[in-house]
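Morning, everyone. I have one structure to walk you through today. Please have a look at it first.

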Amino acid sequence: MNVDFPTRIGFDEAAAIIDRVARERRLAPERIPLQRGLGRVLADDLVAPIGLPNFDNAAMDGFAVRGLPMPDAGWELVGEQFAGTDRGLVLQTGQGSRITTGAPLPAGADAILIKENARVEGDRLFTDTPPAMRQHIRRAGEDVEAGTRLLAAGDVLTPARIGLAAALGLPELSVARRPTVAVFTTGDELRPPGQALAPGEIHDSNRALLQTLLVAEGLEPVAWPILPDDPARIAAMLEDAAFSFDLVITCGGVSAGEKDHLPALLQARGETYFWKVRMKPGMPLLFGRLGDALLLGLPGNPVSVLATFLTLGRRLVDGLQGRVEPRSRWRAKLALPVDKRHERLEFMRGRLQVDASGQLQVQPDPATGSHRLAAAAGNDVLLVLPEGAGHFPAGSVVDCLPSSSGRG
Ligand code: AMP
Ligand code: MG
């Protein structure tokens, strides 16, 4: 193949190309109701239209009192203020009023005497454990001052952030539209699970793997029937999908075998942004444009699908939505030495554990073959071994990417 695109590039270069393309093709914002916001990426900053709390109020059930220490004759009980309507109570020195959690603080109140510590005798109120000045009072604006920028465009919505928006009185938020994704698996040897295998055939595991990786990102992927290794059929189906989806993700058919048709197809009918990344697993990764859609061609081996999607594929999905919050990464000590005999950046499967002193340790899995799906299923992180051959003694600190999203 006559190559006029970057090939055999480093992982960081691939990431930079993905970031650039994603920036150029940033998806438009849309407004959504809060309850549909989980995991969505904010398109605008979130600036507080009101303060929180929006008025001084009681943090406990009991009595608002004015005058500390307690007057010898106790406080005179006047009125009640429950959560709801502000009755505009005003306390004079030596007075107290019944109050519930969240109720507006009567003017002049110094503190809340909690119910458990209070004794009412007729219209007088006594205690053996008086509150300190301002105790159990929530001050207006102590959590949020009106006008504060609480979240920035590119931040991801969590339940607490969605609750915060609701507290601020916002019924909707502006978030990036999510990419629509078409998923294809390719290979004459593939049969869907549930069908009997003829000699030489295997079950298509990548479709379910890739679909659920996408679902874990909140996407709603649409999967096509398995594509045979027939370049005309592949081209027709992918071009069809490219009409109506933002992103087409394939797996298989991207390396150098007789039946690996995707790189030539993309070069002839679309545009290739890169092919082959110096990473292990996942070297033959292909990225480009077909029609109006982006095309990400993942390698066929299941562990390569996992590693390329969780690193570069997810980066693309994040970038298209303008996400700026980085994905979580742990730093952990290798529990065993690792000899790395190749130059590529490696995402090795591993298991996190906490050692006796409370430090994170990662147990690298010796089953490194990119077909070893059971090994990947038994682990919970991809540990990152940087480019270059080398010996990593036990105790060296490595980055670890969580790889079992959905397990909690
Ligand atoms: P390929 O890149 O198409 O040569 O595929 C590389 C390896 O991954 C081969 O052993 C394929 O049989 C295997 N493979 C490709 N696609 C799938 C799939 N959807 N499910 C399981 N294994 C696959
Ligand atoms: Mg194949």
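Predicted model: local features only at pLDDT ≥ 70, side-chain atom pairs only at ≥ 80, totals over all residues.

Let me start with a helix.

Now, which residues of H1 are buried? They are Phe 11, Ala 14, Ala 15, Ile 17, Ile 18, Val 21 and Ala 22. Look down the axis of H1. The buried residues fall within an arc of 160°, so they line one face of the helix. Here is the background. An α-helix has 3.6 residues a turn, so residues three or four places apart point the same way.

Next, the length of H1. The helix covers residues 11-24, which is 14 residues.

On to the ligand. There are 15 residues around ligand 1. Which come nearest? Glu 189, Asp 204, Ser 205, Gly 253 and Gly 300 do. What about the classes in that shell? Two residues are nonpolar, 10 are polar and three are charged.

Now some backbone contacts. A nitrogen atom of ligand 1 sits 3.3 Å from a backbone N or O atom of Asn 206. Gly 300 places a polar backbone atom 3.3 Å from an oxygen atom of ligand 1. For Asn 301, a backbone N or O atom is 3.2 Å from an oxygen atom of ligand 1. How much of ligand 1 does the protein bury? Taken alone, ligand 1 exposes 480 Å², and the protein buries 77% of that.

Next stop, Thr 127. This residue is in strand S10, residues 124-127. Is Thr 127 buried or exposed? Its relative accessible area is 5%. The cut-off for buried is under 20%, so Thr 127 counts as buried. The backbone nitrogen of Thr 129 is 3.0 Å from a polar atom of the Thr 127 side chain.

Last one, Ala 236. You will find Ala 236 in helix H4, residues 231-244. Its relative accessibility is 47%, so Ala 236 counts as partly exposed. How far is Ala 236 from Val 41? In sequence, 195 residues separate them. In space, they are 33 Å apart, C-alpha to C-alpha.

Conventions: Residues numbered from 1 in each chain as written. Chains lettered and ligands numbered in written order. Heavy atoms only, no water. Near = heavy atom within 4 Å. Polar contact = N/O pair within 3.5 Å; in protein donor to acceptor, adjacent residues only side chain to side chain. Areas by Shrake-Rupley, 256 points an atom, 1.4 Å probe, with all protein chains shown as cover. Nonpolar A, V, L, I, M, F, W, Y, C, P; charged D, E, K, R; others polar. Helix = DSSP H or I, 4+ residues; strand = E, 2+ residues; numbered from the N terminus. Expected span 1.5 Å × (residues − 1). Buried < 20%, exposed > 50% of the residue type's maximum accessible area, 1.4 Å probe, protein only. Arc of directions from axis to C-beta.
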